[in-house]
Amino acid sequence: MKWRLPSPLANSASIALLLGALLLTSCAGHQQSVVDPAGPQAGQINTLWWFFFALLSAIFVIVMVLTALTLTRRHRGIEQEPLEQTHVPSAATEATLTRVVTAATIASVVILFVLLVSSIVTGKNVSELQDRKNPMVVEVTGLQWWWQIRYPNSDPRQVLVTANEIHIPVGRPVMIRGTSHDVIHSFWVPNLHGKRDLIPSRITTEWIEADRPGVYRGQCAEFCGLQHAHMVLWVVAETPAQFKAWFDAQLKPSITPSTPVLEHGQEVFLSHACVFCHSIRGTPASGKNAPDLTHFGSRRGIASNTLPNTAGNLGGWIVNPQNIKPGNHMATIALNPPDLQPLLQYLESLK
Ligand code: CUA
């Protein structure tokens, strides 16, 4: 079989295809998108992004056109010229060349300076957005491989701990106070703001604010180990009334099992190793090393949103967590087959 080098035409076709595919993926969902801002910070970053894109695209096109012109210029038979240069450029040609090179240097410096200034201005605008009234604080802790979410309050009865899902009221500035319990993670919800590293034994802050209700996907943006890609969180922006209803419901202890099957499920949970890591408020389970499950059934995903929260997915996760997220710290517990369904029903009932 003969191999042929791909023709330039085939090459450009594959590049066009690739770009098309990339463009389609970027448009597929706006739940995690830098160019679909849902808040003032992301709006500033979006404007900067389009400015960079337009300017740099124009430069790219100009460079490509000049390159094409040079390559297609009429052949002047250089190979017939002697190796030693005998042709000395005239003073006029020399002066033209000097002018062209000087102009190009000045243009490069000016363009780089414009990029620098616009970047600094955006950074300043974004940081000024934090001086707002009536802010809310949410503490986010990165762990391998999930997010602990805590709403602090001077009144201990109003402190809420949950996981992998942040609810915020629309139109209210929210300070994310981030840290980590193990390695460096990075908090990134592109519809709302840029990235912010979560560093062990340090606190970093980032202000977010949602202009419109929506569910925005966040993703750990710093490689933090084997399951870095499966470290997803949702930010749910809702009206102040909806937020308050959610918050008040989450503050309540877990529901008491109302049927024999649910009671059996709770018994299974409380009599296995689950309690060493997980908390369910209202029960003796008070482990602190893993997500709080008090209102687990109300959350969108499991395993840090690796899978949608369904009884089927949860069953697969509990029976063999290493199958879904290899390397994660969830223990595999030996369950009697008749105990699994009641356990799943109980956990899903924790709305
Ligand atoms: Cu946490 Cu990557």
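Me: Three strands form an open sheet here; in what order do they lie?

Reply: A word on the model before the order. It is predicted, so local features need pLDDT of at least 70 and side-chain atom pairs count only at pLDDT 80 or more, while totals for chains, interfaces and linings use all residues. Residues are numbered from 1 along each chain as its sequence is written, and side-chain values use heavy atoms, with hydrogens and water left out. Now the general idea: strands (E, at least two residues) and helices (H or I, at least four) are DSSP runs numbered from the N terminus, and two strands pair if DSSP finds at least two bridges between them. In this case the order is β4-β10-β9, and the pairing is mixed. β4 (165-169) and β9 (214-219) are the edge strands, each pairing on one side only.

Me: By how many degrees are neighbouring strands of this sheet turned against each other on average?

Reply: For angles, think of axes as lines fitted to C-alpha atoms, for helices over the stretch in contact, with angles from 0 to 180 degrees between N-to-C directions. Here the average turn is 20°, direction ignored. Helix α4 (residues 240-251) packs on this sheet, touching β4 and β10, and its direction makes about 135° with that of β4.

Me: In which sense do β9 and β10 pair?

Reply: They pair in the antiparallel sense, over six bridges, with β10 covering residues 232-238.

Me: What is the strand order in the open sheet of five strands?

Reply: Read it as β3-β2-β1-β5-β8, with mixed pairing. Its edge strands are β3 (160-163) and β8 (204-208), each pairing on one side only. Neighbouring strands in this sheet are turned by 25° against each other on average, direction ignored. Helix α4 lies across β1, β2 and β3, running at about 95° to β3.

Me: How many residues lie between β1 and β2 in their hairpin?

Reply: Two residues lie between them. β1 (residues 136-143) and β2 (residues 146-151) run antiparallel and are joined by five bridges. Follow the partners along the pair: Leu 143 has Trp 146 as its bridge partner in β2, and Glu 139 stands opposite Arg 150. Arg 150 also stands opposite Val 161 in β3, where β2 and β3 pair in the antiparallel sense over four bridges. As for cover, five of the six residues of β2 are buried.

Me: Which residues make the nonpolar surface patch of about 760 Å²?

Reply: Patches are made of residues with over 30% relative accessible area and no salt bridge; like charges are joined within 9 Å, and nonpolar side chains (Val, Leu, Ile, Met, Phe, Trp, Tyr) within 5 Å. A salt bridge is a side-chain nitrogen of Lys or Arg within 4 Å of a carboxyl oxygen of Asp or Glu. Areas come from the Shrake-Rupley method with a 1.4 Å probe; for residues, only the protein chains shown count as cover. This patch is made by Phe 60, Val 61, Ile 62, Val 63, Met 64, Val 65, Leu 66 and Leu 69. Ile 62 is found in helix α2 (residues 40-72) and is exposed, with a relative accessible area of 51%.

Me: How many helices and strands are there in the protein chain?

Reply: The chain has nine helices and twelve strands. Of its 351 residues, 38% count as buried. The chain exposes about 20,800 Å², and carbon and sulfur atoms supply 65% of that area.

How values were computed
Buried < 20%, exposed > 50% of the residue type's maximum accessible area, 1.4 Å probe, protein only. Contact = heavy atoms within 4.5 Å.
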